[in-house]
Amino acid sequence: MKKTKDLIRPLAYLMATWFGSGHARIMPGTIGSLMTLPFVALMIGMGGLPALVGFIALTYLVGLWAVRHVLKETEHDPGFVVIDEVVGQALTFVFVSYAMPSWWMFLVGFAAFRFFDIVKLWPACYFDTKVRNASGVMLDDVVAGGYAAVVLLLLQMMS
């Protein structure tokens with residue numbers, strides 16, 4: 001039992017920091033979002049929307065688990081936890097994942113997600129301030145990713 005518990009903590013921190021990217025000295029959320037883009041491209045390239053949705057769902061569930069463990073030892077939503085940014089950033093591309101997005105779509109999607117993640121429009125602000133658990137940590141970024149996804153969809157429709 002002790003050995004299993006000894007493995008859980010480092011694994012939870014590894015996932016919560018998205019393989020350590022959350023330990024960046026400056027802008028860990030931005031770095032975590034940036035580190036998501038290769039995974040998004042890989043998922044879209046391998047299987048389009050189904051692969052991307054599978055990645056998002058799995059990462060969300062792993063994120064809930066990891067953040068629950070991290071929150072036992074830290075304050076709410078510590079800066080080094082970036083798996084929530086991974087989920088939100090990946091969600092940004094769901095409406096444009098039928099084909100590999102162009103480089104400018106990745107750039108706009110990245111910027112749009114970071115904007116909405118920082119601004120925290122309703123209901124993201126509710127999840128960020130009122131839901132003081134792992135779900136709150138994860139869901140404010142899901143909302144930001146949803147807003148950014150709509151921006152990309154609208155841009156795709158206009159082009």
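Visitor: How many salt bridges does the count come to?

Guide: The general idea is that side chains of opposite charge can pair when their charged atoms come close. The rule used here asks for a side-chain nitrogen of Lys or Arg within 4 Å of a carboxyl oxygen of Asp or Glu. That rule gives a count of four salt bridges. Keep in mind that this is a predicted model, where local features need pLDDT of at least 70 and side-chain atom pairs count only at pLDDT 80 or more, while totals for chains, interfaces and linings use all residues. Residues are numbered from 1 along each chain as its sequence is written, and side-chain values use heavy atoms, with hydrogens and water left out.

Visitor: Which residue forms a salt bridge with glutamate 73?

Guide: That's arginine 9, and the closest N and O atoms are 2.9 Å apart. This pair links distant parts of the chain: arginine 9 sits in helix H1 (residues 2-16), glutamate 73 in the loop between helix H3 (37-71) and helix H4 (83-91), and they are 64 residues apart. By the way, helices (H or I, at least four residues) and strands (E, at least two) are DSSP runs, numbered from the N terminus.

Visitor: Is glutamate 73 buried, partly exposed or exposed?

Guide: Go by relative accessible area: buried is under 20%, exposed is over 50%, and partly exposed is in between (1.4 Å probe, protein chains only). Glutamate 73 has 46% relative accessibility, so it is partly exposed. Arginine 9 is partly exposed too, because its relative accessible area is 45%.

Visitor: What forms a salt bridge with lysine 120?

Guide: Aspartate 140 does, with the closest N and O atoms 2.7 Å apart. Salt bridges that share partners join Arg114, Asp117, Lys120 and Asp140 into one network. Within it, aspartate 117 forms a salt bridge with lysine 120, and their closest N and O atoms are 3.1 Å apart.

Visitor: Why does lysine 120 count as buried?

Guide: Its relative accessibility is 18%, so lysine 120 falls in the buried class. Aspartate 140 is buried as well, because its relative accessible area is 1%. Aspartate 117 also counts as buried.

Visitor: Where does methionine 157 lie?

Guide: Methionine 157 is in H7, which covers residues 134-158. At 60% relative accessibility, methionine 157 is exposed. Together with Phe95, Val150, Leu154 and Met158, Met157 makes a nonpolar surface patch of about 540 Å². Patches are made of residues with over 30% relative accessible area and no salt bridge, with like charges joined within 9 Å and nonpolar side chains (Val, Leu, Ile, Met, Phe, Trp, Tyr) within 5 Å.

Visitor: How many helices and strands are in the protein chain?

Guide: Seven helices and zero strands. The chain's radius of gyration (taken over C-alpha atoms) is 15 Å, close to the 15 Å from the globule rule for 159 residues, so the chain is as compact as a globular protein of that length. That rule is 2.2 Å times the number of residues to the power 0.38. Along its principal axes, the C-alpha trace spans about 55 × 35 × 25 Å. Of the 159 residues, 48% are buried.

Visitor: Which peptide bond is cis?

Guide: The one from tryptophan 122 to proline 123, with omega near 5°. Proline 123 is in the loop between H5 and H6.

Visitor: What is phi of tryptophan 18 near?

Guide: Near 50°, a positive value in a residue other than glycine. Tryptophan 18 belongs to the loop between H1 and helix H2 (28-34). With a relative accessible area of 6%, tryptophan 18 is buried. Methionine 27 is not a glycine either, and has a positive phi of about 50°. You'll find methionine 27 in the loop between H1 and H2.

Conventions. Areas by Shrake-Rupley, 256 points an atom, 1.4 Å probe, with all protein chains shown as cover.
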